[in-house]
Amino acid sequence: MIEAVHIGKSFYLSPENKGRFASVRTLFSREQREVKAVDDISFSIGEGEFVGYIGPNGAGKSTTIKMLSGILHPSRGEIRIGGYSPQKDRIQVASRIGVVFGQRTQLWWDLPVKDSFEILQAMYKIDSRTYRRSMELYQELLDMREFLDTPVRKLSLGQRMRADLAAALLHDPPVLFLDEPTIGLDVVAKTRIRAFLKEVNETQKKTILLTTHDMDDIEQLCKRIIVINHGKKMMDTTLDDMRRQIGLPSLIQVEYRQPPSLGAELAGIERLELSGNVLSVHFDKGKISSPRILAEVAGWGEPLDIQMKEPGIEEIIRLMYR
Amino acid sequence: MVYWRIIRKSYRRNLQYRLSHLINNVASSIFGLVFIAIWMGVLRGKAVHGPYDAETMACYIAICQSVLWVTTFMSPGLNVQVGVRSGAVSLDMIKPVHYLWYTLSQEFGRLLYNACYRSLPIGLLLGLAVGFSFPSDPLAYLLFLLSLLLAAYVGMLLFYLVGISSFWTTEVRWLHLILLSLVFGFGGQMIPVDLMPGVLGQLAPFLPFAAMIYYPVMNWLELAPVYSIGVQLLWAVILTVVALAVTKQARRKLEIQGG
Amino acid sequence: MLYRKLIAASLRSQMQYKMNFITSAATTGMIMVLDFVILSAILHRFNDVAGWNIYEVGMLYGISSASVSLYRLFAPEVNDFEKYVVHGEFDQMLIRPVSPLLLLLTRNLDLSRIGGIVQGVAVLVLSLAGLAREGADLLWLIVFSPIAIFSGGVIYFSMALSSAALSFWTHQMRDILTFTIYAPANASNYPISLYPGWLKWLFFTALPIAYMNYLPMLALLGKGGGWYYPLLAPVAAATALFLALTFWKIGIRHYHSTGS
């Protein structure tokens with residue numbers, strides 16, 4: 001469904017000049033520095049797959065999504081979405097994909113949600129029967145009836161994200177690109193959105209590519225993970241394989257009243273870091289559960305504050321190269 | 001002194017844009033040339049009206065375009081409404097400096113920058129096109145400087161009043177446009193105030209708008225009426241009193257209502 | 001059909017701010033009246049400009065003013081295009097199955113510009129009345145005026161679109177607009193013969209405002225010039241539009257390469 005063959009994207013920046021007439025020199029300078037935002041990535045995603053696309057900031061995730069959706073043209077390589085090229089057949093690809101950018105809304109800011117949907121219906125030439133059916137389905141799944149008539153600018157982040165998802169799916173595209181859809185949402189909202197995405201993927205066989213920094217998203221939704229860094233593909237594997245290779249890294253931070261006395265090492269704890277009164281417990285969620293850890297560390301001193309953190313992608317990448 | 005530091009910082013902040021501004025100066029000069037050409041067309045082959053022959057008129061327009069950057073092309077509302085909208089104004093108001101002087105200092109730094117990187121180049125460009133006209137009397141330079149400073153001050157206060165109205169209204173954009181129209185219309189940008197017909201011609205020299213454009217230009221040309229500085233001073237005082245009063249009201253509103 | 005829906009949507013979203021709409025329309029009207037008062041003051045004092053009397057200048061002014069306002073009524077997002085390129089909002093225009101230009105044009109209408117159109121037409125009507133009193137034949141002037149305004153609108157739109165296309169490379173547009181819209185808009189209120197040679201040349205080529213009012217009025221007011229001058233207005237408009245659209249497409253292709 002989604003084919004990327006040796007795609008690359010280079011940007012050419014003028015180097016920063018220093019000195020008296022720096023800005024004038026930059027204007028006339030022909031020197032350019034090549035920055036490879038994406039450096040030779042290939043992958044093939046079949047219909048109905050749910051793939052997580054992860055990497056640290058600046059790894060090239062957004063650039064890849066922009067190339068897949070036709071916003072940017074790759075410097076090298078080829079892309080095919082359902083057989084069409086986003087560069088050459090932009091309009092055909094546009095009607096076959098749905099895109100959600102977590103940071104920005106696609107809807108008309110001052111209008112009620114319903115109005116945005118009606119505009120999209122006209123734009124994507126959706127016939128009334130399909131439109132009604134989609135509206136009913138997504139209203140149900142996303143519980144949108146309460147805010148259908150509210151202007152988009154008055155929605156909470158969670159409501160807006162739901163509306164954006166419905167809008168992206170209104171024209172029934174076979175492919176969905178989601179760029180950080182759960183960013184900034186509270187746990188309840190995240191759960192609801194994840195349930196929706198799972199349903200849409202399993203029931204309607206939609207192909208979904210998801211970029212995220214939230215490992216829980218990955219864990220609950222994606223069966224396959226592609227990890228990229230510095231514009232290159234680092235890993236392309238299933239979730240289970242990744243678990244087997246590097247485990248599911250997790251982190252609990254405990255702040256004690258006084259420096260704790262560490263107890264026995266438990267299987268599953270990767271390492272312990274003690275800084276003053278704060279103990280960081282890096283462990284593998286696959287090998288030992290959080291409640292078990294909590295029970296242990298509570299006995300090592302007098303806990304004042306406990307935080308569960310998901311270590312960043314950086315940690316995962318670090319673990320990959322241990 | 002803290003205000004001097006604010007002015008310096010503001011000046012420096014504007015420096016980074018100087019390349020694009022220098023290019024933009026060429027565009028502004030074209031505007032000036034268009035106006036001058038229009039006047040040349042109007043005056044061609046006509047009797048001299050008052051002190052304005054073609055050359056003087058050209059100089060008038062040229063100096064106007066230059067002076068505008070110090071007295072009229074300021075940040076809309078002095079950006080007060082930006083702080084109000086974002087809520088940052090509450091932080092600004094509890095700083096240990098008076099909000100009015102704080103805001104004016106910020107803008108004044110920008111005006112100093114404009115004087116160097118906008119007014120001067122544009123004045124130069126237009127002077128090359130239509131000829132230069134310098135005051136003959138050293139006293140005239142001082143008078144001009146005083147007039148210019150007063151003009152900038154009056155302008156800042158007017159812009160400030162527009163901006164601070166945002167405490168009570170939501171959009172200052174239209175108020176700002178109205179102010180600009182009044183300044184351009186009655187300030188002497190397009191037609192010297194003393195050439196305006198009828199009632200307009202009698203009222204305009206005493207409005208604050210003339211204080212912003214007409215008087216400094218006329219002082220440079222050594223053609224200013226005797227009372228020019230007086231009118232400017234009068235408006236400076238009046239507007240200062242008004243601005244202080246309104247600022248106090250605004251602060252009170254903030255304290256009562258919060259953000 | 002789609003165009004209508006999109007326009008209706010943008011109108012509806014503006015109506016959300018009813019108070020704002022009223023004040024903005026009123027203010028624009030007031031500003032334009034002030035603008036014209038100044039012009040009248042000058043002409044009243046000086047009787048004519050380079051051989052054009054007040055009514056003849058009024059014809060130029062009316063067409064020019066209405067044309068610019070027409071452009072700004074329908075294409076405010078092109079005028080404000082800088083924010084799309086600088087803040088990456090243009091991406092959104094590229095994922096829809098419609099042309100980005102159509103989306104841009106339907107996103108917003110600046111209704112306050114209706115004030116400008118009214119003002120331009122009013123000036124035109126007053127000037128026509130004045131000319132009639134002087135004994136001029138009004139038929140062709142009246143027939144031509146709407147053509148002139150429409151052509152002028154298209155010409156301004158083309159200049160703005162080209163400026164927007166340029167911003168794909170320069171990443172800023174507001175300064176360019178001073179050159180391409182604001183200065184010409186002022187200049188076209190008066191006879192082009194006023195301006196120095198190189199500026200005149202500009203107004204006949206890269207910034208083709210001479211064709212919308214000056215050249216046609218030369219012919220129609222009996223000041224010389226060929227009978228075909230009025231026909232040049234729509235021709236110039238079509239040419240300018242074609243060139244602008246081509247440049248715009250090139251700009252989009254550049255954006256596909258470099259992003260925001």
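Six bridges join strand E11(A) to strand E12 (residues 278–284) of chain A. The two strands run antiparallel. Within this pairing, Ile269(A) stands opposite Phe283(A) in E12(A). This is a predicted model.

The pair belongs to an open sheet of four strands. Their order in chain A is E11-E12-E10-E13, with antiparallel pairing. Strands of a sheet pair through backbone hydrogen bonds, either parallel or antiparallel. Here the edges are held by strand E11 (269–275) and strand E13 (303–309) of chain A. Each edge strand has a single partner, so one side of each is left without a neighbour in the sheet. On average, neighbouring strands of this sheet are turned by 15° against each other, direction ignored.

A helix lies across the sheet strands E10, E12 and E13 of chain A: helix H10 (residues 290–298) of chain A. H10(A) runs at about 25° to strand E10 (249–256) of chain A.

Now the domains. The domain assignment of chain A gives domain 1 (44–244) and domain 2 (247–320). The centres of the two domains of chain A, taken over C-alpha atoms, are separated by 34 Å.

Next, the contact between chains C and A. On chain C, 19 residues are in contact with 20 residues of chain A. Two elements of chain C give two or more residues to this side: helix H1 (2–15) and helix H12 (229–258). The largest share, six residues, comes from H1(C). By residue class, the chain C side divides into eight nonpolar, seven polar and four charged residues.

Chain C also meets chain B at Thr178(C). Where is Thr178(C) found? Thr178(C) sits in helix H9 (residues 174–187) of chain C. Not counting residues up to four places away in sequence, Thr178(C) touches Asn24(B), Ala27(B), Ser28(B) and Ala183(C). Why does Thr178(C) count as partly exposed? Thr178(C) has 17 C-beta neighbours inside 10 Å. A buried residue needs 20 or more, and an exposed one has 12 or fewer, so Thr178(C) falls in between.

Finally, confidence in chain B. The chain averages a pLDDT of 86, and 97% of the residues score at least 70.

Methods. Residues numbered from 1 in each chain as written. Chains lettered and ligands numbered in written order. Predicted model: local features only at pLDDT ≥ 70, side-chain atom pairs only at ≥ 80, totals over all residues. Domains from an automatic or database assignment. Contact = placed C-beta atoms within 7 Å. Nonpolar A, V, L, I, M, F, W, Y, C, P; charged D, E, K, R; others polar. Pairing = 2+ DSSP bridges. Axes fitted to C-alpha atoms, helices over the stretch in contact; angles between N-to-C directions. pLDDT = per-residue confidence, 0-100.
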